[in-house]
Amino acid sequence: MVDTPAIELRDVARYFGERIALRDITFAVPAGATLAVLGRNGAGKSTLLRVLATLLRQHAGEVLLLGEPLPRRGFAVRGRLGLLAHEPLLYRDLSGRENLRYHARLYGVGSERVEEVLRAVRMERRADEPVRLLSRGMVQRVAVCRAVLHDPEILLLDEARANLDPGASELVEPLLGRPAGRTRVITSHDPQAALAEADLALGLRDGRPMFSLPADQVTPDLVRELYA
Amino acid sequence: MSTALAVLRKDLLLELRTLETIPAMALFSITTFVIFHFGLNRPTVDGQLAAGVLTVTLLFAGILGVNRLFVAEREQGGFDAFLLAPVDRTALLLAKASALFLFLAVLEVIAVPAFSLFLLGPPLGPALPSLIAVLALADLGIAVIGTLVSALAVQTRARDVIGPVIGLPLLVPALIATARAIGPLLRATGPAPLPGKWLLILALYDLVFALVAYAVFDFLLED
Amino acid sequence: MPTYGRGLRVLSILTVVTISAALILVFFYAPLDANQGFIQKIFYIHVPLAIVSLCGFVFGGLLGVMHLKTGDRRYDMRSYVAIHMSLIFGVAALISGSIWAKASWGHWWVWDDPTLVSYLIVVLMFATYTPFRFSIEDPERQARYASVFAILGGAFVPLNFVAVRAAQGLVHPRVLTVSGGNLPGPMALTFLISLIGIALLYATLWKYEMAAKNARIQLRALRRRVLGDDDVSPLQRTAAPSL
């Protein structure tokens, strides 16, 4: 029985010059579980996700992803992570399909998979138009494809549902949501929505953890205090 | 290697789609030749003067290409996309330098005949193979330095200015070597043999900076 | 944390002594040049300044390598100080060279001299170092990129020299050729002492500046610890490394 948590952080800190972006961050996420990261704007949520995505290096503490220490073993886990944030990370002058094929090549994934995900989000017919001609919701759908193209074990979702209408949100649920069985770290502007689909919750305030609890133990008062 | 090819392919596709870089470089070169015609007040140039005009024009046109090299990555999240992927990061250097090299080659296919047509006195034919050899080495140097400088500049605030301001001095040895190598080729009385010393210096320059680039590029990408 | 102050007094005294000795030699010992007369003596300042500054740039590049290799921000600090000290010496070399040029050849500047031109290019390039640093806000990235710049510049100095020298200048007196200087004895000695003096001056000033910066950083760290992070005003955007 494998007990290693999928994600483990111990006393992680990250600074921007003298400013504290993250400090004393400690938590563990078991495989298949979902962690909701809550906090106001500027609390450090995006920074934390970028550290988990191996895009930022921690200045102190340990980060272990799938048992591998970062940043040293970053190259070993990158192929097993997916990130979906505010930026879709798509080239506007290329089509959705071309963008996805490019990512497929970077991840060593076949082009049948590209078609598979496009079909899953119902974008296969509009996938040949340049991304800049697509609506924001459609762009987000293609971005979802990009994030799960390589079937990652860990999914990092930073405000991923933004720009998606309820219909589209339903479409992407099997790819991004709990049913997919991935370990997830999510942030959202809507704390209640995030808590609803999470097992664990981490509350951040000015880069420091205010609470780290199972999601069902997070009371509305606690949330209000965090956002106060 | 396959990563570098994937990135290169993407960049060539983008350039074909948007045509942002090469036409600008080509147009700039031709305009510059015309300006030189008026500025120098001569119907034709030959010898060292011609070599200088050609080299400087190609250099400045190259700078246009350099400025644009990483812009799409910066503005459209290309860096993040690349850094997230399980790939060797030096592949980005290889891909971008190759792209720049190809852009310069295409530029020269347009600009050199234009130069021959508008400004050059002696015919280009006999000197052409040697000229191509020199320009290939020169393009290599510009590609390496250009990629480095562009990567440095793209993260700063003054990015359009910093590139040329740092890049041009760095390229001076290449400029000197290229111009001096081409000079004898464009002699009015017929091409003289290619001076080996300048090719050697150019090759040395390319080698040193390629090695430096390979060593430092990763540090520009990490965070 | 090294304090850089150690040995500073000895070094300073040594510098003063050597430079004084050099000056005495320049004015009272070195013979008058047959062609150029008294003004030729600027050579004893100009050339050492140029040589020391070029070495300083290469030194800055090496420190940049150390910074990238070890990730220790103090190397970046050392690199920064080395480079901008070299820049100051470099500008001084250009000015003294210009004075010499005017006196010997009648022009403030001569383009056909490869050594002077190549030197100008190096100085121009490194002059962009500080504005470049300033244009990057994130201090850690600033340090990293500055080190890359320093390495590029350090590799550039010898290459540039080779290229420009090969372009055959005729004007600059080839006083120090590879075959070993063609300076007569008394001139050689004076030159050597001057060179050592200027090199010591560079080392002393470097140490002084490192000591000052180091002290300021430690003071700030202390203030932050004593007064608490919030009461100490945040650092302004700066080109200088801040650790």
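Me: What makes the contact between Asp128(A) and Arg97(A) a salt bridge?

Reply: In this predicted model, the side chains of Asp128(A) and Arg97(A) come to 2.8 Å, N to O. A salt bridge needs a Lys or Arg side-chain nitrogen within 4 Å of an Asp or Glu carboxyl oxygen, so the pair qualifies.

Me: Where in chain A do Asp128(A) and Arg97(A) lie?

Reply: They link distant parts of the chain, 31 residues apart. Asp128(A) is in the loop between α4 (111-120) and α5 (136-148) of chain A, and Arg97(A) is in helix α3 (residues 96-107) of chain A.

Me: Why is Asp128(A) called exposed?

Reply: Its relative accessibility is 52%, and exposed means over 50%, so Asp128(A) counts as exposed.

Me: Is Arg97(A) buried or exposed, and why?

Reply: Arg97(A) has a relative accessible area of 12%; buried means under 20%, therefore Arg97(A) is buried.

Me: Which residues are joined with Arg97(A) into one network?

Reply: Salt bridges with shared partners connect Arg97(A), Arg101(A), Glu115(A) and Asp128(A).

Me: How do you know that Arg50(A) and Asp80(B) form a salt bridge?

Reply: Their closest N and O atoms are 3.0 Å apart. The limit is 4 Å, so this pair is a salt bridge too. Over all chains, the structure holds 26 salt bridges.

Me: Why does the pair of Arg50(A) and Asp80(B) join two chains?

Reply: Arg50(A) belongs to helix α1 (residues 45-52) of chain A, whereas Asp80(B) belongs to helix α5 (residues 78-84) of chain B, so the pair joins two chains.

Me: What are the accessibility classes of Arg50(A) and Asp80(B)?

Reply: Arg50(A) has 28% relative accessibility, which lies between the 20% and 50% limits, so Arg50(A) is partly exposed. Asp80(B) has a relative accessible area of 16%, under 20%, so Asp80(B) is buried.

Me: What makes Asp11(B) and Lys10(B) a salt bridge, and are the residues buried or exposed?

Reply: The N to O distance is 3.2 Å, and the limit is 4 Å, so the pair meets the criterion. Both Asp11(B) and Lys10(B) are buried.

Me: What span does α5(A) have, and what is expected?

Reply: The 13 residues of α5(A) reach 19 Å from the first C-alpha to the last, close to the 18 Å expected at 1.5 Å a residue.

Me: Why is α5(A) called mostly covered?

Reply: Of its 13 residues, 12 are buried, and buried means under 20% relative accessible area, so the description holds. Among the buried residues are Met138(A), Val142(A) and Cys145(A). The buried residues of α5(A) pack against β6 (81-84), α3, α4, β7 (154-158) and α6 (166-176) of chain A.

Me: What makes strands β9 (residues 200-205) and β10 (residues 208-214) of chain A a pair?

Reply: Six bridges join the two antiparallel strands; pairing needs at least two, so β9(A) and β10(A) are paired. The strands form a hairpin with two residues between them, and Asp206(A) in the turn has a positive phi of about 50°.

Definitions and conventions: Residues are numbered from 1 along each chain as its sequence is written. Chains are lettered from A and ligands numbered from 1 in the order in which they are written. This is a predicted model: local features need pLDDT of at least 70, side-chain atom pairs count only at pLDDT 80 or more; totals for chains, interfaces and linings use all residues. Side-chain values use heavy atoms; hydrogens and water are left out. Helices (H or I, at least four residues) and strands (E, at least two) are DSSP runs, numbered from the N terminus. Buried means under 20% relative accessible area, exposed over 50%, partly exposed in between (1.4 Å probe, protein chains only). The expected span of a helix is 1.5 Å times one less than its number of residues. Contact means heavy atoms within 4.5 Å.
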